[in-house]
Amino acid sequence: MDRDGVGAEQARLLHEVIGRAGIAVKHLWFHYFTLGGNAGEIEVEAYLHQALHLPSLQRDLLAHAANELIDQQPPLRAPYTSELLNRENAETED
């Protein structure tokens, strides 16, 4: 895969990941900007749609920003019976 191919694949995967995590592009861009990223919000949107190439440093800052935002989200987990019963009991007490 050539350098342009790597950038396009990185953009595609980032777009997929933030979509699955429910992270808005505006939120991603703001966090990226606070980390020192210099692409504008419209440029980031274009990059995510593979309409604009960004240098690898900027791509990696975007990936870092996304990973930090994902790490801040509560982990997904399957509930145990006792947790559901406790939740049900708490709701009936209110």
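What span should the 17 residues of helix α4 (residues 56–72) have at 1.5 Å a residue, and how far apart are its end C-alpha atoms? The structure is a predicted model, in which local features need pLDDT of at least 70, side-chain atom pairs count only at pLDDT 80 or more, and totals for chains, interfaces and linings use all residues. Residues are numbered from 1 along each chain as its sequence is written, and side-chain values use heavy atoms, with hydrogens and water left out.

Helices here are DSSP runs of H or I with at least four residues, strands are runs of E with at least two, and both are numbered from the N terminus. The expected span of a helix is 1.5 Å times one less than its number of residues. For α4 that span is 24 Å, and the end C-alpha atoms are 24 Å apart, so the two values agree.

Within α4, Gln 58, Arg 59, Leu 61, Leu 62, Ala 65, Ala 66 and Leu 69 are buried. Buried means under 20% relative accessible area, exposed means over 50%, and partly exposed lies in between, with a 1.4 Å probe and protein chains only. Seen down the axis of α4, its buried residues fall within an arc of 160 degrees, so they line one face of the helix. The arc is that of the directions from the helix axis to the C-beta atoms. On the other side of α4, Leu 57 and Asp 71 are exposed. An α-helix has 3.6 residues a turn, so residues three or four places apart point the same way.

Arg 59 counts as buried because its relative accessibility is 8%. Leaving aside neighbours within four places in sequence, Arg 59 is in contact with Val 6, Gly 7, Gln 10, Tyr 47, His 53 and Leu 54, where contact means heavy atoms within 4.5 Å. Gln 10 is found in helix α1 (residues 3–21). The C-alpha atoms of Gln 10 and Arg 59 are separated by 7.6 Å, although the two residues are 49 apart along the chain. Gln 10 also touches Tyr 47, Asp 60 and Ala 63, again not counting residues up to four places away in sequence. From Gln 10 to Leu 62, 52 residues apart in sequence, the C-alpha to C-alpha distance is 10.0 Å.

The next subject is the pair α2 and α3. In α2, Val 25, Leu 28, Trp 29, His 31 and Tyr 32 are buried. They cover an arc of only 165 degrees around the axis, which puts them on the same side of α2. The axes of α2 (residues 25–34) and α3 (residues 41–48) come within 10 Å and cross at roughly 115 degrees. Axes are lines fitted to C-alpha atoms, for helices over the stretch in contact, and angles run from 0 to 180 degrees between N-to-C directions. Val 25, Lys 26, Leu 28, Trp 29 and Tyr 32 in α2 meet Glu 41, Val 44, Glu 45 and Leu 48 in α3.

Just after α2, Gly 36 takes a positive phi of about 110 degrees. Gln 50, in the loop between α3 and α4, has a phi near 60 degrees, a positive value in a residue other than glycine.
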